[in-house]
Amino acid sequence: MATTTTTSARAQSTAVGKRPRAPRHFLATVAKTVLALVFVLPIIFMFISSLKPDSQIFADLGSLKAFLPVGHISFANYTDVFSRVPILQFLMNSVGISAVTVILGLLVNSLAAFALSRMRIRGKRIILTLIIATLIVPFETLALPLVWWVNQLPWLQINGFDLTFTHGWLDTYRVQIIPFIANAFSVYLFHQYFDSIPKELDEAARMDGAGWFTIYRKILMPLSGPAIATVAILTFLPAWNSYLWPIMVIQSENLRPVMVGVEYFYQLNVAWGQIMAYTSMITLPILVLFIAFQRSFVNSIASTGVKG
Amino acid sequence: MKSHKVRQLTAASIAVLVAGLSLAGCSSGPTSAGSSGASGNTITLWTHNAGNPAELAADQKIVTAFNASQSKYKVNVQAFPQASYNQSVVAAAAAGKLPCVLDIDGPTVPDWAWAKYLAPLDLGSSIANQLPSTVGKWNNKVYAVGYYDVALAMFARKSVLKDADIRIPTVTNPWTGTEFNAALAALKKTGKWAAPLDLGTSGTGEWWTYAYSPMLQSFGGDLINRTDYQSADGALNGPAAVNWATWMRGLVTQGIIAQKSGADANADLINNKTAIEYSGSWAAAPLSKALGSDLAVIPAVNFGAGPKIGGGSWEWGMTNSCGNKAAATAYLKFSLQPQYQTGVAVAAGTIPADQSPASLKLDPSYAPGGTNEIFAQMSSKFAELRPPTPAYPFISTTFTTAAQNILAGADPKSTLDQAVQSINANIKTNNGYK
């Protein structure tokens, strides 16, 4: 009897416990759906509007039609974009600039973090603090002095067997890459991650005769997958979205990245449909990349504690 | 032992780097100090027309013709998107990398002349037939010259005005302020439009000063005292200016205009979301295509001190650092031939700056009886240059902030007083921009 009572009470308590969970679950789902819509609807609007003429985009704005492929649907905006902007060249430039910045950024920042985390350097805490302190200076305040500075920098030009020094990096690919390789936040992220890896692993490797670079290459880096993925994302996105810097340092059209191309459409009569077509085309590669690596992106961000 | 090696390696690396930097300092780069934009007789030209294929092609046509017309000089074109053009120029000036020839938005000319970006031009009789608003002057010297101008105007459907019993005004008999207010009230009364007038309040940047300072001037105020350009006191905060500001705010409170209008004024007029659009001659072609003969072009309103519109559009100048000023001057003189500058005006759908019969023959739409004659008339009769002072960029941003605050409900008098204080302080800080 007692057992029956206990079982029944437990069942009752479970039922009672479950009852509020259902609406809570429902509310959470609704909240998540609303949140997802907030992010997804602008993208749907962009893709749908890219297929409509300007007058229809604005006529549909007040209704759900704005998110539906109805009315005069065509790819005219896309063909117009190709005749107005060298988008393929811009895309190739952005892919190259972003990829090289990410690869060199991973190498340089992880090496710097490795030195600060593992090597005996006098005043390394102060060095790390100074590196992190640079994060509070907004890029916009540095932009103009940086333009002057990169224009004074030397470069070794190699023409066959002829080596010549030139100065000034303006209007080149390197001016869009090199200033953004060293990144304080990436150094900090790698440093924190390296610090979480037991130092005993280094010591064991050193017992086996490994040098600093071997420890970096064969012990720490293979264990730092999440940090590498996070730094790669955080370096890639600003490189892809780079806008102010190329406006200031690039004069030749064939060196421009994709974001500067958006400006081509802001004339006295703005071509909104073409803007939507252009932004759809430059968003698509990022979207495909994100969907393909979604799981590892989320995992890396969750494990390194980076949010937003 | 290992740390000793690391130290040696570091020292060697630093030595190589320092040697490299010193060598670079000694070597001569592609441009010598103090001059830019030219490599021998080849000069560079910058334009804001990337993304504007028609006008860029017209500019390119001039360059091709110039390069073919002689064998001494060569011009290379580099095109930039308009929205970020000024940032590109300012950055290049900071780096000493300006081109030889470049185009400039009219009101910016005095500032860039004062900053020594631009050199004075000696174009002789080449500019004799230009509309006055297309010649950029500062301190009595010509620094730039434009191929075209644009004119502010309002657009509406004739049928809408007729239904509301509103007179369609002309250049010779424009609306008075009272007539305009009555027309707006009549349109509002119909209840067909949430805000019948689209003043373009969603516009950004230079639009606010270009569009609304002519109204301020028509009320009797101005952005600055034009006698010596040293103070805005009385001009921007006097009774006339306060009346203008109060009227602007009233348009919002009465629901005549939206505090922030739609993103595309043309589309809103075409879709009948607004009854009157305040825009410029550049909107005439798309609106005429959509509305046909029902389109009414409404000239500037006379609020008391005469109808006013802003003058000065994109103009061409030569940089102070140009390494081959003879080539730049030869190109500019060549480009001012009627067939070339009017060719650009036609491509851009704007008013030809050269008002000679030869030029108007090339674009008869702006000649007497032409469909666009009204814009040429307004440009020659109503155009008021934005103050030709190096302080203009500061005046413009200050005015824009003040006007936006007033539309949002700030007290007109104290807001304008504050603007005057800021402008005067800026002029004083820069020693009067002398």
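Mentor: For chain A, an unreviewed UniProt entry lists residues 26-48, 90-114, 126-150, 173-190 and 270-293 under "transmembrane region". The structure itself is a predicted model.

Trainee: How do you know what secondary structure residues 90-114 of chain A adopt?

Mentor: Over residues 90-114 the chain is 100% helix and 0% strand, with the end C-alpha atoms 35 Å apart. Residues 173-190 of chain A are 61% helix and 0% strand, and their end C-alpha atoms are separated by 27 Å.

Trainee: What is the mean pLDDT of chain A, and where does pLDDT stay under 50?

Mentor: The mean is 88, and 91% of the residues of chain A reach 70 or more. Over residues 1-7 of chain A, pLDDT stays under 50, and the model gives that stretch zero contacts beyond four places in sequence.

Trainee: Which residues are in contact with B:Pro81, leaving aside its neighbours within four places in sequence?

Mentor: They are A:Val260, A:Glu263, A:Tyr264, B:Ala50 and B:Gly51. B:Gly51 is 30 residues from B:Pro81 in sequence, yet their C-alpha atoms are 6.3 Å apart in space.

Trainee: How many residues of chain B are in contact with chain A, and which elements contribute?

Mentor: In chain B, 32 residues are in contact with 32 residues of chain A. On the chain B side, helix H1 (2-26), S3, helix H3 (85-95) and helix H9 (265-270) each give two or more residues. H3(B) provides the largest share, five residues. By class, this side of chain B comprises 17 nonpolar, twelve polar and three charged residues.

Trainee: What makes the buried residues of H3(B) line one face of the helix?

Mentor: The buried residues of H3(B) are B:Tyr85, B:Ser88, B:Val89, B:Ala91, B:Ala92 and B:Ala95. Viewed down the helix axis, they fall within an arc of 165 degrees, so they line one face. In general, an α-helix has 3.6 residues a turn, so residues three or four places apart point the same way. The buried residues of H3(B) pack against helix H6 (139-152) and helix H12 (244-249) of chain A, and against strand S2 (42-50), S3 and strand S4 (101-105) of chain B. Just after H3(B), B:Gly96 takes a positive phi of about 70 degrees.

Trainee: How is chain B divided into domains, and what makes up the contact between them?

Mentor: The assignment gives domain 1 (38-150 + 312-385) and domain 2 (152-308 + 391-433) of chain B. Their C-alpha centres lie 28 Å apart, and the contact takes 18 residues from domain 1 and 18 residues from domain 2. On the domain 1 side, helix H4 (109-114) and helix H14 (373-382) of chain B each supply at least two residues. The largest share, six residues, comes from H14(B). The domain 1 side has nine nonpolar, five polar and four charged residues.

Terms used:
Residues numbered from 1 in each chain as written. Chains lettered and ligands numbered in written order. Predicted model: local features only at pLDDT ≥ 70, side-chain atom pairs only at ≥ 80, totals over all residues. Contact = placed C-beta atoms within 7 Å. Helix = DSSP H or I, 4+ residues; strand = E, 2+ residues; numbered from the N terminus. Nonpolar A, V, L, I, M, F, W, Y, C, P; charged D, E, K, R; others polar. Buried ≥ 20, exposed ≤ 12 C-beta atoms within 10 Å, placed from the backbone. Arc of directions from axis to C-beta. Domains from an automatic or database assignment. pLDDT = per-residue confidence, 0-100. UniProt positions renumbered as here; feature names shortened; annotations may be inferred.
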